[in-house]
Amino acid sequence: DAGAIAPEAACTVIRGAQATGAPEHVEACKELTFAFYPPAGGPHYGQWADFKTYSAAIPWGYLIHSVEHGGVVLAYACGDACPEVPDAFAQIVQDHGADARCAAGITRFVIVPDPDLPTPIAAVGWNRVYLATCLDVQSLRTFVEETYAQGREDVRAAGVEHVQHA
């Protein structure tokens with residue numbers, strides 16, 4: 001019943017597994033090429049993005065490492081045209097609550113804009129991807145619950161906080 005996010009014409013949700021290749025660490029900032037976008041695994045940087053909300057895109061080399069540690073990346077490509085999307089992401093994170101296996105108050109979520117996404121909404125867990133042309137909160141919550149803390153490594157610590165500069 002969710003309406004499509006402009007300029008999309010219809011609400012479509014795609015969920016699936018993604019073959020990603022070897023999960024090797026590579027030098028930070030090395031150019032990475034992905035068979036699928038957004039990527040859900042494969043080669044990535046040795047540091048992971050801190051679990052938080054960002055106001056600018058973060059390189060997927062860091063985000064892949066975050067999902068390798070059981071995190072879920074909630075990304076959007078609709079900019080200021082869809083303020084309800086990052087708000088819905090924040091509500092999902094809040095409703096999920098703190099991770100009992102992490103330090104006080106930490107949850108393994110990254111909320112980030114990404115203008116290069118093929119759809120307005122994407123969620124990524126380790127080797128799992130959710131793409132949507134609409135905000136279908138129930139199916140997104142289901143994806144989050146199925147993929148949260150399902151990474152290849154169960155590291156529950158803060159990552160590298162990326163700071164955007166003007």
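Student: What is the handedness of the crossing of helix 2 and helix 3?

Tutor: The crossing of helix 2 and helix 3 is right-handed. By definition, a crossing is right-handed if the near helix is turned clockwise from the far one by less than a right angle, and left-handed if anticlockwise. Helices (H or I, at least four residues) and strands (E, at least two) are DSSP runs, numbered from the N terminus. As to provenance, this is a predicted model, in which local features need pLDDT of at least 70, side-chain atom pairs count only at pLDDT 80 or more, and totals for chains, interfaces and linings use all residues. Residues are numbered from 1 along each chain as its sequence is written, and side-chain values use heavy atoms, with hydrogens and water left out.

Student: Why are helix 2 and helix 3 called oblique to each other?

Tutor: Helix 2 (residues 84-96) packs against helix 3 at an angle of about 45 degrees, and their axes are 11 Å apart. Axes are lines fitted to C-alpha atoms, for helices over the stretch in contact, and angles run from 0 to 180 degrees between N-to-C directions. Angles under 35 degrees count as roughly parallel, over 145 as roughly antiparallel, 65 to 115 as roughly perpendicular and the rest as oblique. Helix 2 and helix 3 are therefore oblique to each other.

Student: Which residues make the contact of helix 2 and helix 3?

Tutor: Contact means heavy atoms within 4.5 Å. Helix 2 contributes A88, F89, Q91, I92, D95 and H96, while helix 3 contributes V137, L140, R141, V144 and E145. These residues comprise six nonpolar, two polar and three charged, where Ala, Val, Leu, Ile, Met, Phe, Trp, Tyr, Cys and Pro count as nonpolar, Asp, Glu, Lys and Arg as charged, and the others, Gly among them, as polar.

Student: What makes S66 buried?

Tutor: Buried means under 20% relative accessible area, exposed over 50%, and partly exposed in between (1.4 Å probe, protein chains only). S66, in helix 1 (residues 60-68), has 1% relative accessibility and therefore counts as buried. Not counting residues up to four places away in sequence, S66 touches W48, A49, F51, G71 and V110. Across the protein chain, buried residues make up 46% of the 166 residues.

Student: How do you know that the buried residues of helix 3 are on the same side?

Tutor: The buried residues of helix 3 are S139, L140, F143, V144 and T147. Because they cover an arc of only 140 degrees around the axis, they are on the same side of helix 3; the arc is that of the directions from the helix axis to the C-beta atoms. Q138 and E145 are exposed on the other side of helix 3. The cover over the buried residues of helix 3 includes strand 1, strand 4 (72-76), helix 2, strand 5 (109-113), strand 6 and strand 7.

Student: Why is C78 called buried, and why is E8 called partly exposed?

Tutor: C78 has a relative accessible area of 11%, so C78 is buried. E8 has a relative accessible area of 31%, so E8 is partly exposed. C78 lies in the loop between strand 4 and helix 2. Apart from neighbours within four places in sequence, C78 is in contact with I5, V85 and P120. E8 and C134 are 126 residues apart in sequence and 8.2 Å apart in space, C-alpha to C-alpha.

Student: What is the phi of N127, and what is the phi of A149?

Tutor: Phi of N127 is near 60 degrees, a positive value in a residue other than glycine. A149 likewise has a positive phi near 60 degrees. Most residues other than glycine have a negative phi, and most peptide bonds are trans. N127, in the loop between strand 6 (121-125) and strand 7 (128-132), is at 25% relative accessibility and so counts as partly exposed. A149, in the segment after helix 3 (137-147), is at 16% and so counts as buried.

Student: Which residues does a cis peptide bond with omega of about 10 degrees join?

Tutor: That cis peptide bond joins A6 and P7. The peptide bond from Y37 to P38 is also cis, with omega near 5 degrees. P7 lies in the segment before strand 1 (13-17), and P38 in the loop between strand 2 (25-26) and strand 3 (44-45).
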